[in-house]
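Morning, everyone. Let me put the model on the screen, and then we'll go through it.

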Amino acid sequence: MGGVPLMDYLVVGTLLFGLGLWGALTRTNAIRILMCIELMLNAVNLNLVALNQYLDPGSVEGQIFGLFIIAIAAAEAAIGIGIVLMVVRRRGEVDINKIRLMRG
């Protein structure tokens with residue numbers, strides 16, 4: 001990480017987060033929304049690890065937070081995809097505008 005300035009990491013992380021936020025707010029496909037949430041979590045990971053590396057190079061707090069976020073992202077993906085698969089089986093739709101109620 002020594003050759004790349006911190007600002008470059010922050011700009012890339014901000015762009016990824018903005019792209020994920022835009023996608024999550026504008027898309028109607030549930031799978032795409034889950035993918036955009038993953039993109040936002042990865043952007044946060046990038047910024048956490050880069051900030052930790054530049055502000056306190058000897059510590060590992062940024063990496064630990066990064067691992068914690070990866071675990072949360074994996075759990076979110078597993079639960080989200082499970083819910084989407086059940087909705088698709090019952091209704092045959094992935095469009096969240098047509099799926100408003102969670103009753104069976």
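Is valine 44 buried, partly exposed or exposed? Valine 44 counts as partly exposed, because its relative accessibility is 32%. The cut-offs: buried is under 20% relative accessible area, exposed is over 50%, and partly exposed is in between, with a 1.4 Å probe and protein chains only.

Some ground rules. This is a predicted model: local features need pLDDT of at least 70, side-chain atom pairs count only at pLDDT 80 or more, and totals for chains, interfaces and linings use all residues. Residues are numbered from 1 along each chain as its sequence is written, and side-chain values use heavy atoms, with hydrogens and water left out.

Back to valine 44. It sits in helix 2, residues 30-55. Helices here are DSSP runs of H or I, at least four residues, numbered from the N terminus.

Tyrosine 9 is buried, at 17% relative accessible area. Its C-alpha atom is 9.5 Å from that of alanine 43, 34 residues apart along the chain.

Last, the packing. Helix 2 meets helix 3, residues 61-91, at about 175°, with axes 9 Å apart. So helix 2 is roughly antiparallel to helix 3, a label for angles over 145 degrees.

Note on methods. Helices (H or I, at least four residues) and strands (E, at least two) are DSSP runs, numbered from the N terminus. Axes are lines fitted to C-alpha atoms, for helices over the stretch in contact, and angles run from 0 to 180 degrees between N-to-C directions. Angles under 35 degrees count as roughly parallel, over 145 as roughly antiparallel, 65 to 115 as roughly perpendicular and the rest as oblique.
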